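Here is a short report on a protein fold. Have a look at the sequence and the model first, then read on.

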Amino acid sequence: MMAHATVYVGCTVPQLLRGAQSRIFPSHSPLRVLRHSAFCYCTGNCTIKSKRKMDHLERTANNFRQEVITQAKVCGITNESETVKRLRLAIANKDFTFKAGQWVDFFIPGVSVVGGFSICSSPGLLEREGILELAVKHTVHPPAHWIHTECTLDSEVALRVGADLHGYQEGKGNRHKLGTAKLYYSAKNTSELLFKKNILGLMKAFPGKITCCFHVTQQHSQICKELQPHITEGRISEKDLEKHVSDDTSWYICGPPPMIESVSKLLSNIGVPRNCVFFEKWW
């Protein structure tokens, strides 16, 4: 933890690819061809201004990335909800590491667009089992569409770790104490509240340290008894957040850009300093 209290609010490159691709992928590999294509696209087009929506590589061109590009094999696919799949990836490279909060560039053979997805598993799972997990919502974006319509067990992809939220603290010699974490989690309905069982489990394991308030905006079915005490109908409001304002609270926001902008405005309205609010709009 970076502060005594932490509040999470959510809904649901110049040297890009150079050097690492030749070490990891042989010259005939389709993954290497894909990376060369992505490199040319990013460096050749990142300065062009237009009204079209930027893709993942353009949006994150200036973000730090690890050099290592690692091959991975799909070893599990499950439906977390009607719109979200959980992808389990087997990582053979022992040098591949990440920190909680990081994301990956996601390379797919035959798909020219590079995806960017948050890692939803812990570094501990990678250390113990060599497994990394992603939760991917279905959209028309080519990488997400491929995961939902074409990806199968044993499909081969490649990954590279991107920026993380811990970087600005590195080198300062700070010793972090375990504080408290409050999660405000909003979705359309309870079926779209991903990992809710995991979150409830953490609340039981760390009483008073980890708490969560689930918000649903379009719930039409009955809510199960286990979730009922933690459910609020309606969007996350200024009233919900103002009770947590203090000098030692850090705020993390994750969600679509309009949601991030809306919550950022709410926090500003209740007097939260901008340097205490953290988010990334990289998708």
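A hairpin joins β2 to β3 through 4 residues. Strand β2 covers residues 70–79, and strand β3 covers residues 84–91. Helices (H or I, at least four residues) and strands (E, at least two) are DSSP runs, numbered from the N terminus. This is a predicted model, in which local features need pLDDT of at least 70 and side-chain atom pairs count only at pLDDT 80 or more, while totals for chains, interfaces and linings use all residues. Residues are numbered from 1 along each chain as its sequence is written, and side-chain values use heavy atoms, with hydrogens and water left out.

**Strands**

Two strands pair if DSSP finds at least two bridges between them. Gly 76 has Arg 88 in β3 as its bridge partner. Strand β2 also pairs with strand β7 (residues 156–161). That pairing is antiparallel too, over 4 bridges. Here Lys 73 has Glu 156 in β7 as its bridge partner.

**The whole protein**

The protein has 8 helices and 12 strands. Of its 283 residues, 45% count as buried. Buried means under 20% relative accessible area, exposed over 50%, and partly exposed in between (1.4 Å probe, protein chains only). The accessible surface comes to about 15,700 Å². Carbon and sulfur atoms make up 53% of this surface. Such areas come from the Shrake-Rupley method with a 1.4 Å probe; for residues, only the protein chains shown count as cover.

**The core**

In soluble globular proteins, nonpolar side chains tend to be buried together. In this model, the largest nonpolar core has 24 residues. A nonpolar core is a set of buried Ala, Val, Leu, Ile, Met, Phe, Trp, Tyr and Cys residues joined through side-chain atoms within 4.5 Å. Leu 89, Phe 106, Leu 132, Leu 134 and Leu 159 have the most contacts inside the core. The elements giving two or more residues to this core are β2, β3, β4, β5, β6, α5 and β7.

Take Leu 132, which lies in strand β6. Leu 132 is buried, with a relative accessible area of 0%. Contact means heavy atoms within 4.5 Å. Not counting residues up to four places away in sequence, Leu 132 touches several residues, including Leu 87, Leu 89, Phe 96, Phe 98 and Leu 159. Ser 121 is another of its contacts. The C-alpha atoms of Leu 132 and Ser 121 are separated by 6.1 Å, although the two are 11 residues apart along the chain.

Leu 134 has contacts of its own, again not counting residues up to four places away in sequence. Among them are Arg 86, Leu 89, Phe 106 and Phe 117.

Helix α5 (residues 142–149) has buried residues as well: Pro 143, Ala 144, Trp 146, Ile 147 and His 148. Their cover includes β3, β4 (103–108), β5 (111–118), β6 (131–137) and β7.

**Charged pairs**

Side chains of opposite charge can pair when their charged atoms come close. A salt bridge is a side-chain nitrogen of Lys or Arg within 4 Å of a carboxyl oxygen of Asp or Glu. By this rule the count comes to 7 salt bridges. The table shows some of them.

| Salt bridge | Closest N and O atoms |
|---|---|
| Arg 86 – Glu 80 | 2.8 Å |
| Arg 86 – Glu 133 | 2.7 Å |
| Arg 88 – Glu 129 | 3.8 Å |

How far apart in sequence are the parts that Arg 86 and Glu 133 tie together? Arg 86 lies in strand β3 and Glu 133 in strand β6, so the pair ties together parts that are 47 residues apart in sequence. Arg 86 is buried at 17% relative accessible area, and Glu 133 is buried at 6%. Glu 80 is partly exposed at 22%.

Glu 129 and Arg 88 form a salt bridge. This pair links distant parts of the chain, with Glu 129 in helix α4 (residues 123–129) and Arg 88 in strand β3, 41 residues apart. Arg 88 is partly exposed, at 27% relative accessibility. Salt bridges that share partners join Glu 80, Arg 86, Arg 88, Glu 129 and Glu 133 into one network.
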